[in-house]
Amino acid sequence: MPNGLAAERRVARDLVDKGYLVASRRHFGGAGDILAVAPDHDGLLVEVKATGRGPFAGFPPEDRQAMGIAGWDYDLEPLLAWVMGSRIFYLPREDWP
């Protein structure tokens, strides 16, 4: 299982490969770990989790709410990227509990 920084880098590289311009939010407070934009696509605010306990372990309801508010305020799509082994699962806001 990759650590947090390694997982964020993997997700960032995956988004770059999909045509997004990616920036880390690691050193800034607030919602999301990654900001990603691409022409003709919605901007993304991405929270990255890498845990075998499930995608929402360490992503409590108040953090999910903050992601939703930030997404609304900045017209970004909130997205959870769960890194599990060698795979990345992208979970849109509508799939969060």
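Visitor: How do you know that the span of helix α2 (residues 61–74) agrees with its 14 residues?
Guide: The expected span of a helix is 1.5 Å times one less than its number of residues. For α2 that gives 20 Å, and its end C-alpha atoms are 20 Å apart, so the two agree. Helices here are DSSP runs of H or I with at least four residues, strands are runs of E with at least two, and both are numbered from the N terminus. This is a predicted model, where local features need pLDDT of at least 70, side-chain atom pairs count only at pLDDT 80 or more, and totals for chains, interfaces and linings use all residues. Residues are numbered from 1 along each chain as its sequence is written, and side-chain values use heavy atoms, with hydrogens and water left out.

Visitor: Which residues of α2 are buried, and what makes them line one face?
Guide: R64, M67, A70 and G71 are buried. Seen down the helix axis, the buried residues fall within an arc of 125°, so they line one face of α2. That arc is taken from the directions from the helix axis to the C-beta atoms. The face turned away carries the exposed residues P61, E62, Q65, W72 and D73. Buried means under 20% relative accessible area, exposed over 50%, and partly exposed in between, with a 1.4 Å probe and protein chains only.

Visitor: What covers the buried residues of α2?
Guide: The cover includes β3 (43–49) and β4 (76–84). Contact means heavy atoms within 4.5 Å.

Visitor: Why are β3 and β4 called paired?
Guide: Two strands pair if DSSP finds at least two bridges between them. β3 and β4 run parallel and are joined by 7 bridges, so they meet that definition. G43 stands opposite L76 in β4.

Visitor: What makes β1 (21–24) and β5 (87–92) edge strands?
Guide: The open sheet has 5 strands in the order β1-β2-β3-β4-β5, with mixed pairing. β1 and β5 each pair on one side only.

Visitor: Why is K49 called buried?
Guide: K49 has a relative accessible area of 15%, which is under 20%, so K49 counts as buried. This residue lies in strand β3. Leaving out residues up to four places away in sequence, K49 touches P55, A57, G58, F59, L80, A81, W82 and V83.

Visitor: And what comes just after α2?
Guide: There D75 takes a positive phi of about 55°.
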